[in-house]
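Let's take a walk through this one together.

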Amino acid sequence: MSRVTLAQWQMLAAVVDHGGFARAAEAVHKSPSTLNHAVHKLEEQLGVRVLEPVGRQVRLTEAGEMMLRRARQLIESAEALEDVAGRLAEGLEAEVVLSVDQIFPTAALAAALSLFSAEYPYVRVQLHETVLNGGIEMLYDGRADLAVSGLAAQGFLGEPLVSVHFIAVAHRDHELHALDRELDLRDLQRHRQLVVRDSALRQSMDAGWLKAEQRWTVSHLETSIDMVRRCLGFAWLPETRIHNDLENGLMRPLRLSAGGIREVPMQMIFRDRDRAGPATHAMARALHEAVASTCPRHM
């Protein structure tokens, strides 16, 4: 067991912060003699002088400065622990499990997590980046508190969040661009399509045109984007993820007669809105605010 109590460190910090025993006593509602006794007891227990007199005031010794600096970390940790305990007693979740489809704008996701962290810094977040039915499956299994998906979940009510625009693109040096004319599906069939695998374990599905004679299936959207950048195939990709590539000309939209641009409305779905705790509701608010601030034209 520790020989020095947390209260003793708190009283030492008060004496230092308020410049003496009298002012500290007023601030912490203790008598000066109580503070004096606590600090002297601390020095006896540690065998180290932490305060020295300077006229009518006191100041930290060199050893006292080092020890109080570390003690403040204990004090802050104890205060944080009490805050967490109080929130848990009020029904705050210790963890929020969030499932987000990989097509959701990364800037909005980062902004949402930043907002959430500022409000609930001690609540853990488990983020699952899913594809197609993966997030919906997590809802069905009760493994996610909140899901962001471009698919509807049977038996759940979702709320609109953002629309994601997909563009059929290929590297600027791809053979499809060399045709220099409007393209149809027969042109695409002769070239490699890059698609992202459904992350669902049971009921996976294919999405998008999949009739290319060559097809590579990857597990993450970023892998598909990287392969397009390397001129390894064509793909339908979210505009928000490839904006810079389109701006600098590394990727170019395919001149399709139809279907070159798709729109996927994404929604946010609670596993159980009525039973969701304050942290889960805070995450939902953060997602809405983040979308409004980072991609308003897609709302």
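**Starting at a glycine**

If you set aside its neighbours within four places in sequence, G158 is in contact with Q267, M268 and I269. Keep in mind that you're looking at a predicted model. G158 is found in strand β6, which covers residues 158-171. Is G158 buried, partly exposed or exposed? Its relative accessible area is 37%, so G158 is partly exposed. Now look for L183, which is 25 residues apart from G158 along the chain. The C-alpha atoms of G158 and L183 are separated by 37 Å.

Let's zoom out for a moment. The protein has 11 helices and 11 strands in its secondary structure. Its C-alpha atoms fill a box of roughly 90 × 45 × 35 Å along the principal axes. What would the radius of gyration be for a compact globule of 299 residues? It would be near 19 Å, but this protein has 29 Å. Buried residues make up 43% of the 299 residues. As for the surface, the protein exposes about 16,700 Å², and carbon and sulfur atoms supply 49% of that area. If you take the contacts between residues at least 6 apart in sequence, 71% of them join residues at least 24 apart.

Helix α3 runs over residues 32-46, and its 15 residues reach 21 Å from the first C-alpha to the last, close to the 21 Å expected at 1.5 Å a residue. The residues of α3 that are buried are L35, A38, V39, L42 and E43. Why do these buried residues line one face of the helix? Looking down the axis of α3, you'd see them fall within an arc of 135 degrees, so one face is what they line. They pack against α1 (6-18), α2 (21-28) and β1 (51-54). Just after α3 comes G47, which takes a positive phi of about 70 degrees.

Helix α5 covers residues 106-119, and at 1.5 Å a residue its 14 residues should span 20 Å; the end C-alpha atoms are 20 Å apart, which agrees. Here the buried residues are A108, L109, A112 and F116. Seen down the axis of α5, they fall within an arc of 100 degrees, so they line one face of this helix. What do the buried residues of α5 pack against? Their partners are β3 (95-101), β4 (124-130) and α11 (278-294).

That brings us to α11 itself, where T280 has its place. T280 has 2% relative accessibility, so it counts as buried. Leaving aside the neighbours within four places in sequence, T280 is in contact with E93, V96, D145, L146 and F270.

Before you close the viewer, check the cysteines. With a disulfide taken as a pair of cysteine sulfur atoms within 2.5 Å, the count comes to zero disulfides. C231 has 30% relative accessibility, so it counts as partly exposed. C295 has 6% relative accessibility, so this cysteine counts as buried.

Note on methods:
Residues are numbered from 1 along each chain as its sequence is written. This is a predicted model: local features need pLDDT of at least 70, side-chain atom pairs count only at pLDDT 80 or more; totals for chains, interfaces and linings use all residues. Side-chain values use heavy atoms; hydrogens and water are left out. Helices (H or I, at least four residues) and strands (E, at least two) are DSSP runs, numbered from the N terminus. The expected span of a helix is 1.5 Å times one less than its number of residues. Buried means under 20% relative accessible area, exposed over 50%, partly exposed in between (1.4 Å probe, protein chains only). The arc is that of the directions from the helix axis to the C-beta atoms. Contact means heavy atoms within 4.5 Å. The radius of gyration is taken over C-alpha atoms; the globule rule is 2.2 Å times the number of residues to the power 0.38. Accessible areas come from the Shrake-Rupley method with a 1.4 Å probe; for residues, only the protein chains shown count as cover.
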